[in-house]
Amino acid sequence: MKRILSGMRPTGKLHLGHLFGVLENWKKLQEGYECFFMVADWHALMSEYERPENLRENIIDNVIDWLSCGISPETSHIFIQSYVKEHLELYSILSIITPLGWLERCPTYKEQLREITNRNISTYGFLGYPVLQAADILLYKASCVPVGEDQLPHLELTREIARRFNSLYKKEVFPEPKALLTQGSRILGTDGRKLSKSYDNTILLSDEPAVLCRKIQGMFTDPKRIKRNDPGHPEKCNVHGYYSIFAPERRKEIDELCRSAQIGCTDCKKELAVVVIKYLVPIQEKRNSYLKDKSKIFDIVHEGAKSARTVAATTMVEVKELLGM
Ligand code: TRP
Ligand code: SF4
């Protein structure tokens, strides 16, 4: 079976964007690949090192969400990056062979330096972010990496680093991994903008029904529909977008009711809230049962780390031998 590795940074609680953008996809991939799914805590630390106190809580909480959404420890290896020390070991070795220019020119690096202004990320470590990601992938000789479009430059760098290693030491140690491009999540924030923690426009997988109702009632709708009798334009309304995801069977009717002003926005949202709650309740029930017994989570990630370590250690023996160590 072909092998997959993917990871997520534990920088906050998971929301609908993670569910439809990442987890649904991972869930499907579990069936056809040997999957390694990793909480990238070292990567998170690279930007959150000034305030690391929430990291521990997020790590476990994210794993709980993965499990509750159907990522299965029976079929996949679920682990935490920092539990497998080989990640840092290979990262150091790859750092030695990676030309500085490749990292300085990386578009994600330049963009984040520009955009992240509330944290100091002009550090030596942050420049090496993609090298650590390359180490994550190459340690397992993964053939495919499911990622969003934003991560493509990191995948390209990983391939370049693999090629450089193989050619320096004249052995095909690392296969060049392919990106499995995940369709970006179609879901937008409650304000109609891109989902983002900093916009405070996300619906969390862990939001309780009362919170879900409040967030959905606050959603932005068709701005042209001011009075109850104004006909609506569902194609311009984010609530309608949510219907396509949560209740595709109701999409067409809502469309018609909205256009003919037979339904008001408050009722339309009320109905959506019911559907969303129904969708999330089974996930939340699983969440709550895991929360009651966190020792189960630790067992799962320790088990996952054990199998990850077996593969990682084998790769490191091969790598060190080539380096004369
Ligand atoms: N950089 C990725 C992100 O921000 C997370 C990540 C870390 C990752 N290591 C990885 C993704 C390895 C895929 C493979 O989303
Ligand atoms: Fe949007 Fe529904 Fe209001 Fe139409 S009725 S504008 S779809 S919230």
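Me: How many residues of domain 1 are in contact with domain 2, and how many residues of domain 2 are in contact with domain 1?

Reply: This is a predicted model. The chain is divided into domain 1, made of 3–187 and 294–323, and domain 2, which covers 207–287. Contact here means heavy atoms within 4.5 Å. On that basis the counts are 12 residues of domain 1 and eight residues of domain 2.

Me: What distance separates the centres of the two domains, and what area do the domains bury between them?

Reply: The centres, taken over C-alpha atoms, are separated by 36 Å. Of the area buried between domain 1 and domain 2, 65% is on carbon and sulfur atoms. The buried area comes to about 950 Å².

Me: How many salt bridges does the rule find across the interface of domain 1 and domain 2?

Reply: The rule asks for a side-chain nitrogen of Lys or Arg within 4 Å of a carboxyl oxygen of Asp or Glu. The side chains of Arg287 and Asp65 meet in a salt bridge, at 2.7 Å from N to O. For the interface of domain 1 and domain 2, the number of salt bridges is two.

Me: Which elements give two or more residues to the side of domain 1 that touches domain 2?

Reply: Across this interface, four residue pairs are in polar contact. On the side of domain 1 that touches domain 2, the residues divide into six nonpolar, one polar and five charged. The elements that give two or more residues to that side are helix H1 (16–29) and helix H3 (55–68).

Me: Which residues are linked with Arg287 in a network of salt bridges?

Reply: Arg287 meets Asp65 in a salt bridge of 2.7 Å, N to O. The network that holds Arg287 also takes in other residues. Its members besides Arg287 are Lys13, Asp61 and Asp65.

Me: How many residues apart are Glu89 and Lys320?

Reply: Glu89 and Lys320 form a salt bridge, with their closest N and O atoms 2.6 Å apart. Glu89 is in helix H4 (residues 86–97) and Lys320 is in helix H14 (residues 294–322), so the pair links distant parts of the chain.

Me: Are Glu89 and Lys320 buried, partly exposed or exposed?

Reply: Buried means under 20% relative accessible area and exposed means over 50%, with partly exposed in between. Glu89 has 27% relative accessibility, and Lys320 has a relative accessible area of 28%. Therefore Glu89 and Lys320 both count as partly exposed.

Me: Is Asp230 buried or exposed, and is Lys227 buried or exposed?

Reply: Asp230 and Lys227 form a salt bridge in which the closest N and O atoms are 4.0 Å apart. Asp230 has 17% relative accessibility, and Lys227 has a relative accessible area of 57%. With the limits at under 20% for buried and over 50% for exposed, Asp230 is buried and Lys227 is exposed.

Me: Where is Ala261 found, and what is its phi?

Reply: Ala261 lies in the loop between helix H12 (251–259) and helix H13 (265–292). At 15% relative accessibility, Ala261 counts as buried. Ala261 is not a glycine, yet its phi is positive, at about 55 degrees.

Me: In which loop is Lys141 found?

Reply: Lys141 is not a glycine either, and has a positive phi of about 45 degrees. Its relative accessible area of 28% makes Lys141 partly exposed. Lys141 is found in the loop between helix H8 (129–139) and strand S4 (144–147).

Technical notes. Residues are numbered from 1 along each chain as its sequence is written. Chains are lettered from A and ligands numbered from 1 in the order in which they are written. This is a predicted model: local features need pLDDT of at least 70, side-chain atom pairs count only at pLDDT 80 or more; totals for chains, interfaces and linings use all residues. Side-chain values use heavy atoms; hydrogens and water are left out. Domain bounds come from an automatic or database domain assignment. Buried area is the accessible area (1.4 Å probe) that two parts lose on being put together, summed over both. A polar contact is a pair of N or O atoms within 3.5 Å; within protein, one must be able to donate a hydrogen and the other to accept it, and residues adjacent in sequence count only if both atoms are side-chain atoms. Helices (H or I, at least four residues) and strands (E, at least two) are DSSP runs, numbered from the N terminus. Ala, Val, Leu, Ile, Met, Phe, Trp, Tyr, Cys and Pro count as nonpolar, Asp, Glu, Lys and Arg as charged, and the others, Gly among them, as polar. Buried means under 20% relative accessible area, exposed over 50%, partly exposed in between (1.4 Å probe, protein chains only).
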